Amino acid sequence: MLGTVTDIQRFSLNDGPGIRTTVFLKGCNLHCAWCHNPETIRKKNELMVYPANCISCGHCVPVCPSGARSIAAGVLQFDRSRCTGCGACAAICFPGALKMAGRQVSVEEVMEEIRQDNAYYADSGGGVTLSGGEVFCQSEFADALIDACREEKIPVAVETNLNWQFESARPILEKLDLIMFDVKIFDSVEHKRWTGVENAELLDNARRLDTLDRPLIARTPLIPGATDSAENIRAIAGFLRNFRNLRCYELLNFNPLGDSKYRALEEKNPFVSARPLKPEALNRLREAAESVGNLTIQIG
C-alpha cells in the first residue's frame with residue numbers, strides 16, 4: 001500500500017490539540033482560488049523551482065531523462081511540459097533550487113516517522129493528523145494508515161473539505177478520534193465561484209458527521225474579499241450552532257505564505273496582494289459568529 005505525500009511535519013501545533021505529526025496527502029477535489037498549499041492539489045509528483053537558490057552548476061541537465069532541463073546561451077532552462085516528475089534533478093540539486101512536491105511512501109515508512117514522537121502525543125494530548133490536499137482523495141491509503149495508528153494506540157484526526165460521498169467515507173470516519181472540517185462559504189453560488197463546487201452535499205456531510213458522536217472542529221479560512229464577510233460568518237455560525245459534538249468554530253486568518261509555492265510551480269496566485277486580516281477585522285468577525293449564540297469561537 002503506497003500513498004503520495006508532500007510532507008510529514010513533526011511537532012505540529014496548528015493541526016489539532018497537543019503535539020502532532022501532520023501527514024500531508026497529495027491530491028484535492030476542490031480548487032479553492034486562495035489555496036496556500038497549491039502543491040497538494042494535483043496527485044502527481046511535481047517539480048518546484050526556486051531560481052534564487054540556483055548556482056548554475058548544470059548538474060541537473062544530464063540526469064533529466066525527458067530533456068526538460070537544458071542550457072541555452074549559458075542559462076539554465078526548464079520546459080515544464082516535458083517534465084515527468086521523476087525527481088532525478090531534485091535529487092542531485094544540493095543548493096535546493098529544485099525540490100519535489102510529492103513522494104511515494106508506504107504505511108510503514110510513515111509510521112517510522114510517526115513513532116519518533118510517540119511520547120509527546122501521550123504527554124500533550126496530541127497524535128497524528130492527516131491533512132492535504134484532501135485526505136479522502138487517497139482513502140485506501142488513509143484507511144490503512146489510520147489502522148496502523150490505532151494498532152499502536154495513537155490518536156488520529158483528519159482535516160477535510162467534506163467533498164465526498166458520506167456512506168463511502170463512513171467506515172473511515174468512524175475510526176477517527178477527531179474530525180476537523182471546513183465550511184468555507186455558506187452561499188452555494190459563491191462557494192462554486194471560489195472553489196469550483198456547489199456546497200449542498202458538503203453541508204449535508206457536515207450534518208451527518210454530527211451523528212457519528214465524534215469530536216468535531218469546524219473551520220472557516222478568512223480570505224479577503226471571498227469568505228471574510230460578517231454575513232458569511234453569521235450564516236455559517238447559525239448552521240453550526242446546534243451541532244451536538246462541535247468542540248469549537250475556528251476562524252483562520254489568511255495565510256499569505258503560499259505565494260512562493262505558486263512561483264515555484266510557475267502558476268498565477270490570484271491572492272498575491274492579499275494580507276492577513278487586522279485585529280479589528282478579526283474581532284468584528286468573531287462578534288458576528290458569537291451573535292448567533294451557543295458556539296465556542298477561536299481565532300487561528
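**Figure 1. Pairing of strands E11 and E12 in the predicted model.** Leu 216 has Leu 246 as its bridge partner in E12. Strand E11 covers residues 216-222 and strand E12 residues 246-253. The two strands run parallel and are joined by seven bridges.

**Figure 2. The open sheet of nine strands.** The strand order is E7-E1-E2-E8-E9-E10-E11-E12-E13, and the pairing is mixed. Strand E7 (103-106) and strand E13 (297-299) form the edges, each pairing on one side only. On average, neighbouring strands of this sheet are turned by 30° against each other, with direction ignored. Strands of a sheet pair through backbone hydrogen bonds, in either a parallel or an antiparallel manner.

**Figure 3. Helices H3 and H11 against the sheet.** Helix H3 (residues 107-115) packs on the sheet and touches strand E1 (2-12), strand E2 (20-25), E7 and strand E8 (127-131). The direction of H3 makes about 85° with that of E7. Helix H11 (residues 279-290) lies across E11, E12 and E13. Relative to E13, helix H11 runs at about 165°.

**Figure 4. The second largest pocket and its lining.** The second largest pocket holds about 290 Å³ of space. Its lining comprises 23 residues, of which Val 49, Cys 54, Arg 69, Leu 76 and Leu 98 are the closest to the pocket centre. Strand E5 (75-78) and helix H2 (88-92) are the elements that give two or more residues to this lining. The largest share, three residues, comes from E5. By class, the lining of this pocket consists of 15 nonpolar, five polar and three charged residues.

Methods
Residues numbered from 1 in each chain as written. Predicted model: local features only at pLDDT ≥ 70, side-chain atom pairs only at ≥ 80, totals over all residues. Heavy atoms only, no water. 1 Å grid on protein atoms, 1.4 Å probe; cavity = no way out; pocket = protein on both sides within 12 Å on 5 of 7 lines; lining within 4 Å. Points joined across faces, edges and corners; volume = space filled by probe spheres on them. Helix = DSSP H or I, 4+ residues; strand = E, 2+ residues; numbered from the N terminus. Nonpolar A, V, L, I, M, F, W, Y, C, P; charged D, E, K, R; others polar. Pairing = 2+ DSSP bridges. Axes fitted to C-alpha atoms, helices over the stretch in contact; angles between N-to-C directions. Contact = heavy atoms within 4.5 Å.
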